[in-house]
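This report covers strand pairing and helix packing in one model.

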Amino acid sequence: MQGRKNLQPKMYYQVSLDSLVSADNFYRKLEKALDLHFLYARTAPYYGTEGQESIDPVVFFKILLVGYLNNIPSDRRLMEYCSNCLDIRLFLQYDLDEALPWHSTISHTRQLYGEGVFLELFQAVLKLCVDKGMVRGKRQAIDSVFIKANASMDSLVEKEILEDASAFVDELEQQSEFKVTSTRKKLVERHHNWKRTAYKDMPANSNSEKLDENGNLIRPKYVSNHTHYSPTDTDARISVKPGKARQLNYFGQIAVDDAHHVITGACADFADQRDSQCLAQILELAQGNLSEHDIELGEILADGGYSSGEALAYLDAKGINAWIPNFGQYKPQRTGFTYHKEANYYQCTQEGGKQAILTYKGEKTDSKGYTKRTYRSSESDCKDCPLREQCCGKATKFKKVDNSIHKEHYDRMHEKLTQNKSYAKRMVRIRSKTVEPVIGTLVNFMNMKRVNTRGIKSSNKHVLMASLVYNLQKYLRFIVKKPSILAQAIALSEGEIYASLKSVSVVINNSILSASSLRLLYKN
């Protein structure tokens, strides 16, 4: 007989929230694994002694965990999701008939707590991973990612132009991020005019409607952080990558241990900086977190974006063993010239040349702000040289060589990478398989594609929360007891033996039954 179900609401129900959630539910395991009671003492200084009670700090952070675990960027959607899920209600200790906090309460409380609270929660989750042997500290892979800011490119306004910088020194020192000198503005406009001419026939020109992977228009509009800012979020910076839309971003930095891909350091920075400028900050965070557990930092793995003279000098001063490919403009040797280190000069060694000596002329800063050491020959040595035109140029009568003031650090890294090429290639593979999948998971599944708050401090909290949730998921998977390969093989072999014995017994039973049947027939 076919059944049909109709809902008949009752006046009273005898049911409990605890009985409606299964014993092996994920949030039950999370509640058992993570103790958040230390947050009461840590957040107490943010509250007074009078007035209405605030949201429970533990409940607040549990709600944030749910948002990052389920990739929900909106506080309004997050509270709707929490209200509709029985297991999350049990996790938050809210009964069936209790109303959850308003979404605005979540936003206000996030702004209330300082970055230190979020950092301590990150360190508490990291401690769980360390205690389980998931972190060894031998290698830390570092990488970065742009995080879309909560501001539009249409909100950009031009900075105030100061005609004479010397007359407005006090104004430049006060709120200088909203002002720009006329000289700087002219330099930026000259660079943008060059871009318009050079990129005229390239993809994504002024008539292009090309979209990036997220559906954003790859804009041909040229704007600079030197001349424009967003009043919506003054900490957001204009940045772009090849194939991506030019937009306002923040810069997320993470360090990942290569043992079990646990994040050991995470922070947010301004997006107008290069990777190399952020290396010291993320490295100090990771090193500090590891040192709290008496774990010594071993090797650092990073891509060429982290290569700069200042970064390599910092690593050498700290005695950190790093594997970072030198940036593309680095030249280990000058073709046709030999460097004499003790006397500090270059000498021409080209066949047919005049063996000119390029003496040291001091340090100079170029138009891009890079300080270089200059070596130059005299005009008398090169003006009659048969190789002058191809070596110096048609008009120039002397040879000049510029080196970075940090060339010794670049040379040291180049020597280390070339002495053991197989090991260096292995480090590149380890870096790729360690940190890049983590970045992809954070961006696509841990709510780190876009920040829904404003300001660099809130962005740092966002990166810390996404990273600690990633580590928490790693930890929960790690503590689940999985049978070893040997145990699985033994169980499989035992099953095969049992099946074969059972088939033999079936054959014997069938033969006995057939023999009994023949006796009965014979008697009859």
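## Sheet and helix packing

Strand E11 and strand E12 (residues 345–348) are paired in the antiparallel sense, over four bridges. Within this pairing, Phe337 stands opposite Cys348 in E12. The model is a predicted one.

The two strands belong to an open sheet of five strands, ordered E11-E12-E13-E14-E15, with antiparallel pairing. Its edge strands are E11 (337–340) and E15 (400–404), and each of these pairs on one side only. From one strand to the next, the twist averages 30 degrees.

| Strand | Residues |
|---|---|
| E11 (edge strand) | 337–340 |
| E12 (pairs with E11) | 345–348 |
| E15 (edge strand) | 400–404 |

The helix pair is described next. Two packed helices are described by the angle between their axes and the distance between the axes. For helix H2 (residues 26–33) and helix H4 (residues 57–69), the axes come within 13 Å and cross at roughly 130 degrees. The crossing of H2 past H4 is right-handed.

On the H2 side, the contact is made by Phe26, Tyr27, Leu30 and Glu31. On the H4 side, Lys62, Val66 and Leu69 make the contact. Sorted by class, the contact of H2 with H4 has five nonpolar residues, two charged residues and no polar ones.

Notes: Residues numbered from 1 in each chain as written. Predicted model: local features only at pLDDT ≥ 70, side-chain atom pairs only at ≥ 80, totals over all residues. Heavy atoms only, no water. Axes fitted to C-alpha atoms, helices over the stretch in contact; angles between N-to-C directions. Left-handed = near helix turned anticlockwise from the far one by under 90°. Contact = heavy atoms within 4.5 Å. Nonpolar A, V, L, I, M, F, W, Y, C, P; charged D, E, K, R; others polar. Pairing = 2+ DSSP bridges.
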